[in-house]
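Please keep the sequence and the three-dimensional view at hand while reading.

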Amino acid sequence: LVAAGLAATLLSVPVHAVDAAAAEALAKKEGCLKCHAVDKKKDAISLKDIARKHAGKADGEAKILAQITTAQKVKLEDGTEEEHKVVKSKDPAAVSNMIQWILSLK
């Protein structure tokens with residue numbers, strides 16, 4: 001329920017210029033960069049690959065938002081699955097900025 005409210009709020013936040021430094025700092029704080037590197041495969045696909053997959057698609061931002069806020073299952077390299085970590089930030093503008101930064105990496 002909280003994720004649905006956050007999603008509705010985030011999708012209504014106007015898109016402004018991306019603050020890359022703030023977005024990268026949030027990604028680091030939230031632990032995203034433990035598994036994802038910006039430009040190369042780590043334990044998970046790179047942020048650039050995520051951007052290539054979702055940028056320019058009508059539902060791209062919503063799909064990334066769902067992935068980082070609803071603990072969806074992700075497949076690991078060894079074939080096992082685990083729940084994706086959930087972003088703890090309750091600041092819709094900061095989370096939206098991080099998503100826009102990811103999408104800008106394509």
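Alanine 71 lies in the loop between H5 and S1. Its phi is near 55 degrees, a positive value in a residue other than glycine. Most residues other than glycine have a negative phi. The model described here is predicted, and the points below are grouped by topic.

**Overall architecture**

- The secondary structure of the chain consists of 6 helices and 2 strands.
- Along the sequence, these elements follow the pattern α-α-α-α-α-β-β-α.
- The chain has 106 residues, of which 36% count as buried.
- When contacts between residues at least 6 apart in sequence are considered, 57% of them join residues at least 24 apart.

**The loop between H5 and S1, and the end of H5**

- Glutamine 72, like alanine 71, is placed in the loop between H5 and S1.
- Glutamine 72 counts as partly exposed, because its relative accessibility is 32%.
- Leaving aside neighbours within four places in sequence, glutamine 72 is in contact with Ala66, Gln67, Glu82, Glu83 and His84.
- The C-alpha atoms of glutamine 72 and valine 86 are separated by 8.9 Å, and these two residues are 14 residues apart along the chain.
- Threonine 69 belongs to helix H5, which covers residues 60-69.
- With a relative accessible area of 9%, threonine 69 is buried.
- The side chain of threonine 69 reaches the backbone oxygen of leucine 65 at 2.6 Å.

**The loop between H3 and H4**

- Serine 46 is found in the loop between H3 and H4, and lysine 41 lies in the loop between H3 and H4 as well.
- Is serine 46 buried or exposed? Serine 46 counts as buried, because its relative accessibility is 2%, and the cut-off for buried is under 20%.
- Lysine 41 counts as partly exposed, at 46% relative accessibility.
- The side chain of serine 46 reaches the backbone nitrogen of aspartate 49 at 3.0 Å.

**The loop between H1 and H2**

- Valine 18 lies in the loop between helix H1 (2-12) and helix H2 (20-29).
- Valine 18 is partly exposed, and its relative accessible area is 34%.
- Not counting residues up to four places away in sequence, valine 18 touches Asn97, Gln100 and Trp101.
- Valine 18 and isoleucine 99 are 81 residues apart along the chain, and their C-alpha atoms are separated by 9.3 Å.

**Cysteines**

- How many disulfides does the structure hold? The structure holds 0 disulfides.
- A disulfide is a covalent bond between the sulfur atoms of two cysteines.
- Cysteine 32 counts as buried, at 17% relative accessibility, whereas cysteine 35 is partly exposed, with a relative accessible area of 32%.

**The largest pocket**

- Rolling a probe the size of a water molecule over the atoms shows where empty space is left.
- The largest pocket has a volume of about 700 Å³.
- The largest pocket is lined by 29 residues, and those closest to its centre are His36, Ala44, Gln67, Val74 and His84.
- Which elements each supply at least two residues of the lining of the largest pocket? They are helix H3 (32-35), helix H4 (47-54), H5, strand S1 (73-75) and strand S2 (81-83).
- The lining of the largest pocket divides into 13 nonpolar, 5 polar and 11 charged residues.
- Gln67 and His84, among the residues closest to the centre of the largest pocket, are also in contact with glutamine 72.

Definitions and conventions
Residues are numbered from 1 along each chain as its sequence is written. This is a predicted model: local features need pLDDT of at least 70, side-chain atom pairs count only at pLDDT 80 or more; totals for chains, interfaces and linings use all residues. Side-chain values use heavy atoms; hydrogens and water are left out. Helices (H or I, at least four residues) and strands (E, at least two) are DSSP runs, numbered from the N terminus. Buried means under 20% relative accessible area, exposed over 50%, partly exposed in between (1.4 Å probe, protein chains only). A polar contact is a pair of N or O atoms within 3.5 Å; within protein, one must be able to donate a hydrogen and the other to accept it, and residues adjacent in sequence count only if both atoms are side-chain atoms. On a 1 Å grid over the protein atoms alone, a cavity is a set of points where a 1.4 Å probe fits but cannot get out, and a pocket is an open set with protein on both sides within 12 Å along at least five of seven lines; lining residues have an atom within 4 Å of a point. Grid points are joined across faces, edges and corners, and a volume is the space filled by probe spheres set on the points. Ala, Val, Leu, Ile, Met, Phe, Trp, Tyr, Cys and Pro count as nonpolar, Asp, Glu, Lys and Arg as charged, and the others, Gly among them, as polar. A disulfide is a pair of cysteine sulfur atoms within 2.5 Å. Contact means heavy atoms within 4.5 Å.
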